[in-house]
Amino acid sequence: MSLLRRAVLGAGLAACLAPLAAAPALAQTQLTIQHPLPLASHYGDGATAFKQTLERLTNNRHRVNIQRNDNEREMVESVQIGTIDCTITSTGPVGNFVPAVRNVDVPFLFRDYAHARGALDSEIGQSILGQFNARGLVGVIWLENGFRHLTNSRREVNLPADMRGLKVRTMENQVHMRAFSTLGALPTPMAFSELVPALQQGTVDGQENPIPVIVANNLNQVQRFLTLTSHVYSPALLICNPGTLGRLNAADRAAFLEAARAAQAANRARVAADDASGVEELRRRGMTVVTTVDTAAFQAALAPAFAEYERSLDGALLRRIRDWRPAQ
Ligand code: EAX
């Protein structure tokens with residue numbers, strides 16, 4: 001059995017399923033999964049792969065209804081109370097439900113995509129998923145939002161000093177808010193659903209998101225400057241309601257896990273594709289793009305925030321993540 005299968009079954013899926021008796025095998029269900037982006041996006045590709053795989057493997061006994069809801073905190077609350085079965089969401093607001101998740105939102109923690117995917121799929125990431133059960137949630141599998149970059153409507157940002165005084169929308173995420181205030185920006189937390197109106201009305205000057213999100217939502221229409229800061233890797237998650245999984249028999253649980261892995265593969269493939277083509281596309285749409293960023297200067301400017309993260313988050317876990325290397 002693969003590490004992921006054993007870890008996910010051990011840490012997440014099985015931990016909440018074991019006490020629940022298997023349901024009759026023939027019931028047909030309609031699972032509702034919500035995510036915050038257009039269907040033509042890295043989350044949409046993941047949701048579609050999940051739907052197609054689960055329906056195929058269960059001969060349509062379990063149908064999947066994909067819906068859009070651009071308020072991630074609201075979706076996690078809905079999964080927790082059971083009004084929807086699952087959500088695909090960034091980790092943005094999730095640390096408010098499962099505090100351990102805040103550790104993976106630390107700026108410049110992950111070196112690159114291989115590091116992020118490897119560490120999150122390893123026992124390190126699975127140990128975080130295992131902490132969802134105590135919060136009335138199942139962290140099924142790590143997905144991906146991508147490395148986040150800064151956009152704004154006021155000026156080119158080349159150095160940390162250029163951030164001073166910028167009103168930057170952040171997710172409802174204390175780790176990110178601390179980073180932007182340390183850089184001298186004015187972090188303004190809000191749900192994704194409020195972002196475009198806030199940019200249009202000038203309530204905020206800028207925001208930060210991965211290329212796939214910027215492209216899929218045409219943020220170039222309300223933002224002029226893009227700086228490729230890669231300041232934080234933004235994980236995403238497939239989170240489900242424990243009851244949803246508890247109603248599946250053993251065969252359908254295995255199909256569910258297979259569908260989750262298909263979602264992860266499709267989601268990560270689309271992030272890679274959007275990252276490869278998205279910057280040129282945003283230039284074509286008229287954005288001014290700063291590509292050479294003095295990352296060391298941003299990391300140095302964030303030193304006070306890093307010191308606070310060591311105190312307020314799980315320093316040992318952060319070190320394990322930083323030290324993770326692929327098996328030779
Ligand atoms: O998960 O709120 C955000 O900026 C997220 O990156 C977006 O909803 C995709």
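A polar side-chain atom of N209 lies 2.6 Å from an oxygen atom of the ligand, a polar contact being a pair of N or O atoms within 3.5 Å. The protein covers 99% of the 270 Å² of accessible area that the ligand has on its own, as computed by the Shrake-Rupley method with a 1.4 Å probe. This is a predicted model, in which local features need pLDDT of at least 70 and side-chain atom pairs count only at pLDDT 80 or more, while totals for chains, interfaces and linings use all residues. Residues are numbered from 1 along each chain as its sequence is written, and side-chain values use heavy atoms, without hydrogens and water.

**Ligand surroundings**
- Residues with a heavy atom within 4 Å of the ligand include P36, Y43, S90, N145, R169, M171 and F192.
- A polar side-chain atom of E72 lies 2.5 Å from a ligand oxygen atom, and for R148 the corresponding distance is 3.0 Å.

**Strand β8**
- Of the 16 residues of strand β8 (residues 225-240), 15 are buried, so the strand is largely enclosed by the rest of the structure; buried means under 20% relative accessible area (1.4 Å probe, protein chains only).
- Strands here are DSSP runs (E, at least two residues), numbered from the N terminus, and two strands pair if DSSP finds at least two bridges between them.

**Partners of β8**
- Strand β3 (residues 86-90) pairs with β8 in the antiparallel sense over five bridges, with T89 opposite L237.
- Strand β4 (residues 138-152) is also antiparallel to β8, over twelve bridges, and N152 has F225 as its bridge partner.
- Strand β9 (residues 288-290) pairs with β8 in the parallel sense over three bridges; there, T288 is the bridge partner of F225.

Notes. Buried means under 20% relative accessible area, exposed over 50%, partly exposed in between (1.4 Å probe, protein chains only). Helices (H or I, at least four residues) and strands (E, at least two) are DSSP runs, numbered from the N terminus. A polar contact is a pair of N or O atoms within 3.5 Å; within protein, one must be able to donate a hydrogen and the other to accept it, and residues adjacent in sequence count only if both atoms are side-chain atoms.
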